[in-house]
Amino acid sequence: MDIEQKQAEHIDHFVKQASTIKGSSSYLANVIVEATSHPSLFAFSEILSLPNILELQGTEHSIYLDLLQMFAHGTWSEYKSSASNLPQLTPDQILKLKQLTMLTLAEANKVLSYDVLMHELDVVNVRELEDFLINECMYVGIVRGKLDQLRRCFEVQFAAGRDLRPGQLGNMIHTLSDWLGTSDNLLISIQDKIKWADTMSELDKKHKKENEERLEEVKNALSLKADMDFRGHGLFAEPGGVMDYDEDRRSKRRRHPMG
């Protein structure tokens, strides 16, 4: 089962669980803690969009709504800067937020230096960092890549997507629209080149046919000329020409008396 299918099942479970809770903000807070601690859940926008979850805003448990928003869009560094206004995290939640931070970093850059990763993930040495990347990211399936110990970097080959930040959808639509426009222009250019190539191919075929026809005409003309020349020699040649020549020589000798 791939990670997307697992995500869909986990999301459906927590959405149904939260949707059945009415009028109890403490129970909703517990659902949020459970969801953000789940080892295989990495998407939270569907839970965050539930009306009863949004109703936590302004209540004594509103910090859990802020916590859910942090797991949907934030990073470990952002949590640390706002920790005084958020619930304290359990070890499972800390791990989860660091995994989500890795996804954010991998989305922005395909080559991540060890120094940047150790700073953003609060890791003290390379061994601990590589263990985290292998055991908590690649083995889990949220990231694929190559550890380059010589260059001290991680080369990202795949990273699961995170929830869209507010306003990010509009930027994506704009980017996709630009890409679509560029693709349309490229397609038109390719079609024009194909038409040009087809035209040139037809002209080449026509030119080749004309040359073949001219060559055939020349061959026919030469054949006709050779045939006429052959017939001409046969018509005007004198069969006794050699004998007449010999007789003429004897006649000339008879005209010169011997001294």
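The legends below describe close-up views of a predicted model.

**View 1. Buried side of helix H8.** Helix H8 spans residues 114–121, and its buried residues are Tyr114, Leu117, Met118 and Leu121. These residues lie on the same side of H8, because they cover an arc of only 95 degrees around the axis. An α-helix has 3.6 residues a turn, so residues three or four places apart point the same way. The face turned away from the buried side of H8 carries the exposed residues Asp115 and His119.

**View 2. Cover over the buried residues of H8.** Helices and strands both contribute to what covers the buried residues of H8. The helices include H6 (76–82), H7 (91–108) and H9 (126–138). Strands E1 (111–113), E2 (143–148) and E3 (153–159) are also included.

**View 3. Asp122 in the loop between H8 and H9.** Asp122 is placed in the loop between H8 and H9, just after H8. Its phi is positive, about 60 degrees, although Asp122 is not a glycine. Most residues other than glycine have a negative phi. Asp122 counts as partly exposed because its relative accessibility is 37%, between the limits of 20% for buried and 50% for exposed.

**View 4. Pairing of strand E3 with E1 and E2.** Strands E1 and E3 run antiparallel and are joined by three bridges. Leu112 stands opposite Phe154 in E3. Strands E2 and E3 also run antiparallel, with six bridges joining them. Asp148 has Cys153 in E3 as its bridge partner. In a regular strand the side chains alternate between the two faces of the sheet.

**View 5. Arg152 in the hairpin of E2 and E3.** The hairpin of E2 and E3 has four residues between the strands. Arg152 is located in the loop between E2 and E3. This residue, which is other than glycine, has a positive phi near 55 degrees. With a relative accessible area of 36%, Arg152 is partly exposed.

View 6. Leu186, Ile190 and Ile194 make a nonpolar surface patch of about 270 Å². Ile190 is found in helix H10, which comprises residues 168–236. Ile190 counts as partly exposed because its relative accessibility is 40%. Residues in such a patch need over 30% relative accessible area.

Note on methods:
Residues numbered from 1 in each chain as written. Predicted model: local features only at pLDDT ≥ 70, side-chain atom pairs only at ≥ 80, totals over all residues. Heavy atoms only, no water. Buried < 20%, exposed > 50% of the residue type's maximum accessible area, 1.4 Å probe, protein only. Helix = DSSP H or I, 4+ residues; strand = E, 2+ residues; numbered from the N terminus. Arc of directions from axis to C-beta. Contact = heavy atoms within 4.5 Å. Patch = residues over 30% accessible without salt bridge, like charges linked within 9 Å, V, L, I, M, F, W, Y side chains within 5 Å. Areas by Shrake-Rupley, 256 points an atom, 1.4 Å probe, with all protein chains shown as cover. Salt bridge = Lys/Arg side-chain N within 4 Å of Asp/Glu carboxyl O. Pairing = 2+ DSSP bridges.
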